[in-house]
Amino acid sequence: DMIVTIDFDGTLSRNDVQEYAKELIDRGVDVWVLTSRYDNLHKHLWGPNPSNVDLYAVLDIVGIPYWKVVFLNMYSKHDYLDNTFVVWHLDDDKETLDEINYYSKYTGIKGISVDDANWRKKCDKTLIKHS
């Protein structure tokens with residue numbers, strides 16, 4: 001199974017990314033959410049949105065089960081992804097992507113920016129390479 005991860009804020013929170021995630025699921029790709037947000041035990045630490053209600057609402061729309069969300073509690077996404085079988089991670093955070101791509105020669109995981117005009121093409125091309 002091909003596994004991909006998608007950031008939430010600024011990424012899966014976007015309608016175009018939600019549509020793409022649905023397509024991926026229909027194609028049999030294992031889609032996970034990897035967010036820097038705090039989990040339910042630590043959510044009080046995150047001022048802007050301490051409930052994660054918006055995130056769960058999007059999961060319901062897209063069809064991603066709640067157990068496929070990893071709340072990193074601000075831990076490094078690269079460190080978390082190390083030693084996984086993830087093909088690519090889609091994100092809007094340049095620092096996160098730079099770190100993932102810096103280590104990609106060891107991990108094989110490609111960081112793709114959702115702010116890139118060709119993000120969908122890059123995601124699909126990377127999936128084809130791994131199929």
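What you have open is a predicted model, in which local features need pLDDT of at least 70, side-chain atom pairs count only at pLDDT 80 or more, and totals for chains, interfaces and linings use all residues. Residues are numbered from 1 along each chain as its sequence is written, and side-chain values use heavy atoms, with hydrogens and water left out.

Zoom out for the overall build. The C-alpha trace spans about 40 × 30 × 25 Å along its principal axes. Of the 131 residues, 43% count as buried (under 20% relative accessible area; exposed is over 50%, partly exposed in between, with a 1.4 Å probe and protein chains only).

Now select Glu-23 and Arg-120. Their side chains meet in a salt bridge, 2.8 Å from N to O; the term means a side-chain nitrogen of Lys or Arg within 4 Å of a carboxyl oxygen of Asp or Glu. This pair links distant parts of the chain, with Glu-23 in helix 2 (residues 15-26) and Arg-120 in helix 7 (residues 119-130), 97 residues apart. Glu-23 is partly exposed at 34% relative accessibility, and Arg-120 is partly exposed at 31%.

Next, pick Asp-124 and Arg-27. Which kind of contact does Asp-124 form with Arg-27? It's a salt bridge, with the closest N and O atoms 2.9 Å apart. Here too distant parts are linked: Asp-124 sits in helix 7, while Arg-27 is in the loop between helix 2 and strand 2 (30-35), 97 residues away. Arg-27 has a relative accessible area of 45%, and Asp-124 has 22%.

Stay with salt bridges and click Lys-122 and Asp-116, whose side chains meet at 2.5 Å, N to O. Then highlight Asp-7, Lys-77 and Asp-91: salt bridges that share partners join them into one network. The structure holds 12 salt bridges in total.

For the last stop, switch to surface view and colour Asp-79, Asp-82, Asp-92, Asp-93, Glu-95 and Glu-99, which form a negative patch. Patch residues have over 30% relative accessible area and no salt bridge, and like charges are joined within 9 Å. Asp-82 is partly exposed, at 36%.

Technical notes
Patches are made of residues with over 30% relative accessible area and no salt bridge: like charges are joined within 9 Å, nonpolar side chains (Val, Leu, Ile, Met, Phe, Trp, Tyr) within 5 Å. Accessible areas come from the Shrake-Rupley method with a 1.4 Å probe; for residues, only the protein chains shown count as cover. Lys and Arg count as positive and Asp and Glu as negative; His and the chain ends are not counted. The place of a charge is taken as NZ of Lys, CZ of Arg, CG of Asp or CD of Glu. Helices (H or I, at least four residues) and strands (E, at least two) are DSSP runs, numbered from the N terminus.
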